Amino acid sequence: MQNTDSILKLNKRTVKEKARINIAGSKSESNRLLILNALYLHTIQIDNLSDAEDTQLLEKALKSSEILIHIHHAGTAMRFLTAYYSIQEGRETILTGSERMKQRPIGILVKSLRELGADIHYLEEEGFPPLKIIGKKLTKDRIAIAANTSSQYISALLLIAPKLPNGLTIELTGTITSLPYLMMTVEMMRTLGIQIDQIGNQFIVHPFLKMQSQKFVVESDWSSASYFYSLAAIGEIHQLALTAFKENSLQGDSNLIEIYRTIFGVETKFHENEIQLTKIPDFPLQDFELNLNATPDIAQTIVVTAAALGLKCKLTGLKTLKIKETDRIQALQNELEKFGVQTKTTDSTLEITSFEKIAENPRVKTYHDHRMAMSFAPLALLQDLEIEEPEVVEKSYPNFWADFDSITL
Ligand SMILES: O=C(O)C1=C[C@@H](OP(=O)(O)O)[C@@H](O)[C@H](O)C1
Ligand SMILES: C=C(OP(=O)(O)O)C(=O)O
């Protein structure tokens, strides 16, 4: 593997029959714990914290007493901190991010926080970062919020809710997107002792002033694991062990187990806290249709696996992909075309329609999106390729290329 001028050349390779990788802690679980620790005076001892750059940026922001906080590309951190700074009484914060962050909408969250009494101003474009936030005591205890754009807005409100004097009832309106992330927030808060009742589409968070000191072990990151499921599906892996995972995961992306078994013939077996992936020999592959509304972060992995195996597929429920690190629907279409894979897209769907001649040594653009780099890497099992700006992986998985190297030959 060679890295020159931020272009990584991946020569065609095979995957080892047997390998083991320790995947770092979940970015999503870690980010929730960091916010809760800041709200509850560091009573949670966090085990297996994510090493993602996004988590480090959030940790640094929470330690800083500066007015200007730059959160770069970290979307979850941007949304969680908007709610967090809104209740830091008397503190003024300017919260900004990368050029892309300034295009990622935050209006729904800001509107809800303002309805609760928060003092938030847009410094450039209405509805988008950067924000000026003047922390206040928020005394209202009821809010209705549109749940169809990003679950991060709702998680942000849930996380601060037990610190509001009267708690908070959050009513979700419209179709709920990325539901498992929302439930992850609720379940983690309950585990830590916070009472949250659910009645239909309402979450009632009770006030909770002081937390007992306790330990929380973060499960490893299932979205990061997805790239190895893809390698296992494309290559002939006989035993790939990944740690440390649980059968009852809080992460919706653990649905990979079901998706990769039923569609791509990759079997997952648990051995204590380790999963072992095996490719089922002669598995009958078929074209497929799949709704990924609950698990947007594994969409790129799944499309690329399907493309590598020559499967036509229709992925639906992808509306949120357009407002992530890049417009992921467009990015996938552009880059798949270089591999001869033709797609048809709408605002919320992507369909692989045909396979044509593959360009030689295609160069994959990554659009500042870690998941573009990691999802296309397994195509090196089929042909030589190049990845532009491979360092983007640091956003969620800094050790990705070393791990990828360690299981391929
Ligand atoms: O709450 C979280 O940790 C996340 C929620 C999801 O975002 P949306 O709810 O915006 O889809 C997901 O894509 C993101 O990577 C992490
Ligand atoms: C969408 C993602 O992250 P965020 O929204 O936190 O930037 C991601 O990690 O794929």
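T262 counts as partly exposed because 13 C-beta neighbours lie inside 10 Å. A residue is called buried if 20 or more other C-beta atoms lie within 10 Å of its own, exposed if 12 or fewer do, and partly exposed in between, with the C-beta atoms placed from the backbone. T262 belongs to helix α8 (residues 256-262). Helices (H or I, at least four residues) and strands (E, at least two) are DSSP runs numbered from the N terminus. Between the C-alpha atoms of T262 and Q276, which stand 14 residues apart along the chain, the separation is 16 Å.

The model is predicted: local features need pLDDT of at least 70, side-chain atom pairs count only at pLDDT 80 or more, and totals for chains, interfaces and linings use all residues. Residues are numbered from 1 along each chain as its sequence is written, while chains are lettered from A and ligands numbered from 1 in the order in which they are written.

**Domains**

The domain assignment divides the protein chain into domain 1 (2-25 + 219-407) and domain 2 (27-217); such bounds come from an automatic or database domain assignment. The C-alpha centres of the two domains are 29 Å apart. Their contact takes 23 residues from domain 1 and 24 residues from domain 2, where two residues are in contact if their C-beta atoms, placed from the backbone, lie within 7 Å. The side of domain 1 that touches domain 2 comprises eight nonpolar, nine polar and six charged residues. In this classification Ala, Val, Leu, Ile, Met, Phe, Trp, Tyr, Cys and Pro count as nonpolar, Asp, Glu, Lys and Arg as charged, and the others, Gly among them, as polar.

**Nonpolar cores**

In soluble globular proteins, nonpolar side chains tend to be buried together. A nonpolar core is defined here as a set of buried Ala, Val, Leu, Ile, Met, Phe, Trp, Tyr and Cys residues joined through C-beta atoms within 7 Å. The largest such core has 67 residues, and those with the most contacts inside it are F228, Y229, A232, Y260, V303, A307 and A377. Helix α7 (residues 222-234) gives the most to this core, namely nine residues. Another core, of 52 residues, lies apart from it and includes L116, I120, Y153 and A156. When its neighbours within four places in sequence are left aside, V303 is in contact with L315, L332 and L350.

The expected span is 1.5 Å times one less than the number of residues in the helix. Helix α3 (residues 75-86) has 12 residues and reaches 17 Å from its first C-alpha to its last, close to the expected 16 Å. In α3, 12 of the 12 residues are buried, so α3 too is largely enclosed by the rest of the structure. Among these buried residues are G75, M78, F80 and Y84.

**Surroundings of the ligands**

A residue is near a molecule if its C-beta atom, placed from the backbone, lies within 6 Å of it. Around ligand 1 there are 13 residues, of which S28, S150, S151, S178 and Y181 come nearest. The elements giving two or more residues to this shell are α1 (27-39) and α5 (151-160), and the largest share, three residues, comes from α5. Domain 1 and domain 2 each supply at least three residues to the shell around ligand 1.

The residues around ligand 2 are D54, H73, A74, G75, T76, D297, K324, E325, R371 and S396. Both domains give residues to this shell, so ligand 2 lies between them. The table sets out the two shells by class.

| Shell | Nonpolar | Polar | Charged |
|---|---|---|---|
| Ligand 1 | two residues | 10 residues | one residue |

**Backbone details**

S178, one of the residues that come nearest to ligand 1, lies in the loop between β10 (168-173) and α6 (179-191). Its phi is near 50°, a positive value in a residue other than glycine. S178 is buried, with 25 other C-beta atoms within 10 Å. H42 likewise has a positive phi, near 55°, and lies in the loop between α1 and β4 (44-47). H42 counts as partly exposed, with 13 C-beta neighbours inside 10 Å.

A cis peptide bond joins P129 and P130, with omega about 5°. P130 is placed in the loop between β7 (119-122) and β8 (131-134). Another cis peptide bond joins T243 and A244, with omega about -5°, and A244 is found in the loop between β14 (239-243) and α8.
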